[in-house]
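Dear colleague,

Please find below the structure that I am handing over to you. My notes on what was found in it follow.

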Amino acid sequence: MTSSFFDQLASSVLDGKPATEDDALAVLQAHDDELMDVVAAAARLRREHFGNTVKVNYLVNLKSGLCPENCNYCSQALGSSADILKYKWLNTDEALEQAAAGLKGGATRVCMVSSGRGPTNKDVERVADMVGTIKAEHPEVEICACLGLLKDGQAERLREAGVDAYNHNINTAESHHEQIVQTHTYADRVDTVQKAKTAGLSPCSGLIAGLGETDEQLVEALFALRDLGSDSIPVNFLMPFDGTPYENVWDLTPMRCVKILAMARFVCPDKEIRIAGGREMHLRTLQGLALQVANSIFLGDYLTSEGQAAEADLELIRDHGFTVLGAAPEVPEAPQTYDPAKRRRGAGTAVAPNA
Ligand code: SF4
């Protein structure tokens, strides 16, 4: 049996030779017939660095909507008329309650997010208080803050308060950035990721696919994330909210999304590749296949949209033979049983068939 180009690429990456931009493009542009070769090869890298574990993250939207920035893809942006929840800051008890629900559901990392250009020092203190309270009750939790652009000293204060990681996505390639937002620059975003890193926070930065970028720009964004040293890379797939400039943009297919995740795995083999917003909508029945290359998901809901049921997320993980990172080893159970639903429609009945 001859090994595929992708298998050889995986061997080369495992031998310590980083993937090139041409390699990444080849993965992204693989023919649909080659998808299983791509997945099998990328899965070797995933297994090497993350075994059969899946990291489960939980989002708490501390402050929703009402943002003065104009990120075109965002339902919370200035000018968006998307019918989403809008509220000001949760208080500490509410944040604790939400975080506890995520932890009870199986998450090990809580991502505390607020809309807006960036926090004031008072906002940072507010979040510091929440983090102290959550960590006092749940010392094992990892906390990632995502509060927008940081000013000098704010990353250090968050670190001191017990925050473990800071998320700020670059979202897209530098060469495409001005097409998607005009109220801040690509350099502003990179600066915040670097501030977080310098303060000792684990940098979390990722992208959104489906914003009208070219294949080359997706490659450009991923290599920028590699150069930035992002420890975790959320890969979002555009959710085209009605009432935003991208409301009618549907550029993605399930197979394309798997190739994007596989490309991320080849370029950043030992980094956390997180399937983020748009997972259910765009990967659809390929969510399980995507877990063969990505090693992290959000449990349950997103910031302004609902995900599939949290129990379905955990079932997805279990059904594909993965385990939740940090969870107690599962005691093997008897196989789940289901009662067959007896057919009472179609042939032999007067009820319309299921077709
Ligand atoms: S992505 Fe963040 S900064 Fe941009 S509009 Fe949405 S909430 Fe505001």
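In which loop is Arg-284 found? The model is predicted, and in it Arg-284 lies in the loop between helix H11 (279–283) and helix H12 (287–291). Its phi is near 50 degrees, which is a positive value in a residue other than glycine. Arg-284 has 11 C-beta neighbours inside 10 Å and therefore counts as exposed.

Asn-171 also deserves a note. Phi of Asn-171 is near 75 degrees, again a positive value in a residue other than glycine. Asn-171 belongs to the loop between strand S4 (165–167) and helix H7 (177–180). Because Asn-171 has 23 C-beta neighbours inside 10 Å, Asn-171 counts as buried.

I turn next to a pair of helices. The axes of helix H2 (residues 21–28) and helix H9 (residues 215–228) come within 10 Å of each other and cross at roughly 125 degrees; H2 and H9 are therefore oblique to each other. The crossing in which H2 passes H9 is right-handed. On the H2 side, the contact is made by Glu-21, Ala-24, Leu-25 and Leu-28, and on the H9 side by Asp-215, Leu-218, Val-219, Leu-222 and Phe-223. By class, this contact of H2 with H9 has seven nonpolar and two charged residues, and no polar ones.

Finally, there is the ligand. Around the ligand are Cys-67, Glu-69, Cys-71, Cys-74, Gln-76, Ala-77, Ser-115 and Gly-148. This shell divides into four nonpolar residues, three polar and one charged.

Yours sincerely

Technical notes. Residues numbered from 1 in each chain as written. Predicted model: local features only at pLDDT ≥ 70, side-chain atom pairs only at ≥ 80, totals over all residues. Axes fitted to C-alpha atoms, helices over the stretch in contact; angles between N-to-C directions. Helix = DSSP H or I, 4+ residues; strand = E, 2+ residues; numbered from the N terminus. Parallel < 35°, antiparallel > 145°, perpendicular 65-115°, else oblique. Left-handed = near helix turned anticlockwise from the far one by under 90°. Contact = placed C-beta atoms within 7 Å. Nonpolar A, V, L, I, M, F, W, Y, C, P; charged D, E, K, R; others polar. Near = placed C-beta within 6 Å. Buried ≥ 20, exposed ≤ 12 C-beta atoms within 10 Å, placed from the backbone.
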